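Here is my note on the model shown below. Please read it with the structure open beside you.

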Amino acid sequence: MTDPTKIRSVSDGSGGPTRINKCLRVNLSVLAVAVLSFASMAAAEKYQVYLSPMPFNDATQPIMTGKGTATATLEGDTLSISGSFAGLSGPARKARLSLSRGPGIPGTPVVDLTLVGDVAGKVTGQIKLDPSQLAALRSRKLYIQIDSEKAPTGHLWGWLLEEHDIAGQDVPVKGPWFWPPFAVKTK
């Protein structure tokens, strides 16, 4: 017969329910970590950038050459940027993430990005965004700007847009294919 005043323990074999509760707590903790990890992976937002010469007009055309691409991933409030460029008419000098009033409108620098290369190279960065910068990203107001020796106030520019399909030149596309919020609905 078991003494009712004795505290049950796992070591003497009398602690069945305590052992089950302990295992249940451990399993629930592991499950919670797995769910949170999955949620953070699923919550990552993807953006893409097409870097092109800007401003491109008759006066700047001789020096505005080159192009590039970049991708950006937002996980929580951290934006990770990775891109490449080639064909500049002069050595690249600086890269930065900038904020504008909207796509295609020049703005002000937010943070410098890491630039490696010359007339071709790579641009990278990892930035913790504040709430206003997160809102700017989601409303297409953040852009990458690469300055060069020949165009010190901007050579290649590209706005961070939600990940989307890119159609080739002269390929007809049906429906809202570029910026869904700006698409015109038809009957």
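1. **Terms and basis.** A residue is called buried under 20% relative accessible area, exposed over 50%, and partly exposed in between, using a 1.4 Å probe and protein chains only. This is a predicted model: local features need pLDDT of at least 70, side-chain atom pairs count only at pLDDT 80 or more, and totals for chains, interfaces and linings use all residues. Residues are numbered from 1 along each chain as its sequence is written, and side-chain values use heavy atoms, with hydrogens and water left out.

2. **A partly exposed threonine.** Thr69 sits in strand S2 (residues 67-75). Thr69 counts as partly exposed because its relative accessibility is 43%. Contact means heavy atoms within 4.5 Å. Beyond residues up to four places away in sequence, Thr69 touches Val49, Tyr50, Leu51, Gly83 and Ser84. Lys122 lies 53 residues from Thr69 in sequence, with 9.6 Å between the C-alpha atoms.

3. **Overall make-up.** The protein has 2 helices and 9 strands. Helices (H or I, at least four residues) and strands (E, at least two) are DSSP runs, numbered from the N terminus. Along the sequence the order is α-β-β-β-β-β-β-α-β-β-β. Of the 187 residues, 29% are buried. Among contacts with a separation of 6 or more, 60% join residues 24 or more positions apart. The accessible surface is about 12,300 Å², and carbon and sulfur atoms hold 60% of it. Those areas come from the Shrake-Rupley method with a 1.4 Å probe; for residues, only the protein chains shown count as cover.

4. **Pairing around S4.** Which strands pair with S4? Strand S7 (residues 142-148) pairs with strand S4 (residues 92-99) in the antiparallel sense, over 7 bridges. Strand S5 (residues 108-117) also pairs with S4 in the antiparallel sense, over 5 bridges. Two strands pair if DSSP finds at least two bridges between them. On the S7 side, Lys94 stands opposite Asp147. On the S5 side, Ser98 has Pro109 as its bridge partner.

5. **The nonpolar core.** The largest nonpolar core holds 25 residues, and Leu79, Leu97, Ile144 and Leu160 touch the most other members. Two or more residues each come from strand S1 (45-53), S2, strand S3 (78-86), S4, strand S6 (121-128), helix H2 (131-138) and S7. A nonpolar core is a set of buried Ala, Val, Leu, Ile, Met, Phe, Trp, Tyr and Cys residues joined through side-chain atoms within 4.5 Å. Take Leu79.

6. **Leu142.** This residue is in strand S7. Leu142 is buried, at a relative accessible area of 1%. Apart from neighbours within four places, Leu142 contacts Leu97, Ser98, Leu99, Val110, Gln133, Ala136, Leu137, Trp159 and Leu160. Leu160 is 18 residues from Leu142 along the chain, and their C-alpha atoms are 6.0 Å apart.

7. **The two sides of H2.** Gln133, Leu134, Ala136 and Leu137 are the buried residues of H2. They lie on the same side of H2 because their arc around the axis is only 160°. The arc is that of the directions from the helix axis to the C-beta atoms. An α-helix has 3.6 residues a turn, so residues three or four places apart point the same way. Pro131 and Ser132 are exposed on the other side of H2. Just after H2, Arg140 takes a positive phi of about 60°.

8. The whole structure contains 3 aromatic pairs. Rings of Phe, Tyr and Trp (its six-membered ring) pair if their centres lie within 6.5 Å; planes under 30 degrees apart count as stacked, over 60 as edge-to-face and the rest as tilted. The Tyr143 and Trp157 rings are stacked, because their centres are 5.4 Å apart and their planes at 10°. Tyr143 is in strand S7 and Trp157 in strand S8 (residues 156-159), so this pair ties together parts 14 residues apart in sequence. Trp157 is buried, at 7% relative accessible area. Tyr143 is also buried, at 0%. Tyr143 and Trp159 are stacked too, with ring centres 4.3 Å apart and planes at 25°. Trp159 lies in strand S8, so its pair with Tyr143 in strand S7 ties together parts 16 residues apart in sequence. Tyr143, Trp157 and Trp159 form one aromatic cluster.
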